[in-house]
Amino acid sequence: MYSISGYGSMIADKGRMDAYVKALRQTVKPNSVVVDIGTGTGIFALLACQCGARKVYAIEPSDAIQVAKEIATKNGYGDRIIFIQDVSTKVKIPELADVIVSDIRGMLPLFQQHIPAIIDARKRLLADGGILIPQRDILWAAVVEVPHLYDRIVDVWDNNIYGLNMTAARQIVINNWGKGWIAPAQLLTLPQSWAILDYPTIESPDISAQLSWTVARSGTGYGVSIWFDAILAEGVGFSTAPGMPELVYGNGFLPWLKPVFLEVGDTISVNLQANLVGNDYIWRWNTCILHQGDSSQVKATFQQSTFFATPLSPVQLRKSSSAYLPSLNEDGEIDRLILELIGEGIMLGDIATQVQEKFPTCFANWQDALTRVGNLAQKYSK
């Protein structure tokens, strides 16, 4: 979840906001019904009202929605915006939307439940002929020469001052990806489009692509940079490409296991996959580099995945096995008692008293027990 300051940073991003404002003005008509998914502090819902929307359903699971309500009231839109604190996939509305607007991307559009939420909203909440904002995102990639980004990841593990072998940690960080601005001069290959997320038709959050480049400029390759172009409405959008004005999203950087010197004419192929597992994506980028495209002269091959970036203990792996027979620990027993008492319709204060009495060594006082009870009530009660 974003902080209020985080939402402020997004609103302050003029390149992003100007594009969304233009898209809303182009698509929201007088008497339009609008759904704003991930409304945060309500900026798109408010702008939709300014554009003439008759009703806006502003959906947000976090408590930032309380701030959005106050802002809407102070701006005279409290009667036109219905605020719903929940995830959009659980929300039902009494009328279908003419426009659905959202920006629940992270650094890239392949972020948590972004695509499943759009698919669900398109099918359940959008009227026939309705409009999605954004319309599509185009993903791009190129091989880059970025020693500063690479050193930021591995230098502390490769060159620690204590003379220790830290390769176990290096193996984890080098199989992860992160944010890093790329300049056009740092590209060693021409950018290549590897996916188009067409939101009016997309059906799966998973992406797989085979990318191939011929090196255009000699230099040392450190990995692959990824970014996106957003088309919000007809003729309206923005880009996070190298050389474009910096936006809140940034560029992604997938590092290689080691740097490779590349010559003009060398070929690089990368099998790039992003698969949504639970609430997060597992990324894979398998690389093969050939000298002058000659399959008999392999410069390097790398097999990488964010799966390898997660430290896994044998104990935790055993607990995930289908053959594992679990039993509740003390925390589990506490939670079970709380949920059972909630199910019996007992007030939270009385539940806290019973929980403290049964587990006296786990709670310093009644208020600590009430906090634990309240947290579960917020998560599971109606």
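Trainee: Which word applies to Asp103 and Arg16, buried or exposed?

Mentor: This is a predicted model, in which local features need pLDDT of at least 70 and side-chain atom pairs count only at pLDDT 80 or more, whereas totals for chains, interfaces and linings use all residues. Residues are numbered from 1 along each chain as its sequence is written, and side-chain values use heavy atoms, with hydrogens and water left out. On a scale where under 20% relative accessible area is buried, over 50% exposed and anything in between partly exposed (1.4 Å probe, protein chains only), both Asp103 and Arg16 are buried.

Trainee: How many residues apart in sequence are the parts that Asp103 and Arg16 tie together?

Mentor: Helices (H or I, at least four residues) and strands (E, at least two) are DSSP runs numbered from the N terminus, and a salt bridge is a side-chain nitrogen of Lys or Arg within 4 Å of a carboxyl oxygen of Asp or Glu. The side chains of Asp103 and Arg16 meet in such a salt bridge, at 2.7 Å from N to O. Asp103 belongs to the loop between strand 4 and helix 5, and Arg16 to helix 2 (residues 14-27), so the parts tied together by the pair are separated in sequence by 87 residues.

Trainee: Where does Glu203, the partner of Lys123, lie?

Mentor: Lys123 forms a salt bridge with Glu203, and their closest N and O atoms are 2.9 Å apart. The two residues, 80 residues apart, link distant parts of the chain: Lys123 is in helix 5, while Glu203 is in the loop between strand 8 (192-198) and strand 9.

Trainee: And which word describes Lys123 and Glu203, buried or exposed?

Mentor: The salt bridge of Lys123 and Glu203 has already been placed at 2.9 Å between the closest N and O atoms. As for the accessibility of these two residues, Lys123 and Glu203 are both exposed.

Trainee: What relative accessibility does Arg136 have, such that it counts as partly exposed?

Mentor: The side chains of Arg136 and Asp198 meet in a salt bridge, with 3.3 Å from N to O. Because Asp198 lies in strand 8 and Arg136 in strand 6 (residues 136-144), the pair ties together parts that are 62 residues apart in sequence. Arg136 counts as partly exposed because its relative accessibility is 28%.

Trainee: Which residues do salt bridges that share partners join into one network?

Mentor: The count of salt bridges comes to 16 under the distance rule given above, and the contact of Asp198 with Arg136 at 3.3 Å is one of the salt bridges described here. Some salt bridges share partners, and these join into one network Arg16, Asp103, Arg105 and Asp137.

Trainee: Why is strand 4 described as largely enclosed by the rest of the structure, and how many of its residues are buried?

Mentor: Strand 4 covers residues 97-102. The strand is largely enclosed by the rest of the structure because, of its six residues, the number buried is five.

Trainee: Which residue in strand 4 is the bridge partner of Asp36?

Mentor: Two strands pair if DSSP finds at least two bridges between them. Strand 1 (residues 33-37) pairs with strand 4 in the parallel sense over four bridges. In this pairing, the strand 4 residue bridged to Asp36 is Val101.

Trainee: Which residue in strand 5 stands opposite Ala97?

Mentor: Strand 4 also pairs with strand 5 (residues 126-133), again in the parallel sense and over four bridges. Across this pairing, the residue of strand 5 that faces Ala97 is Leu126.

Trainee: Which residue in strand 14 is the bridge partner of Ile268?

Mentor: Strand 13 (residues 267-277) and strand 14 (residues 280-290) run antiparallel and are joined by 11 bridges. In strand 14, the residue bridged to Ile268 is Ile289.

Trainee: Leaving aside neighbours within four places in sequence, with which residues is Ile43 in contact?

Mentor: Ile43 is placed in helix 3 (residues 43-50), and it counts as partly exposed because its relative accessibility is 22%. With contact taken as heavy atoms within 4.5 Å, and with neighbours within four places in sequence left aside, Ile43 touches Ile11 and Met17.

Trainee: What percentage of the residues in the protein is buried?

Mentor: The secondary structure comes to 11 helices and 15 strands, and the C-alpha trace spans about 70 × 60 × 40 Å along its principal axes. Among contacts with a separation of 6 or more, 72% are accounted for by residues 24 or more positions apart. Of the 382 residues in the protein, the buried share is 45%.
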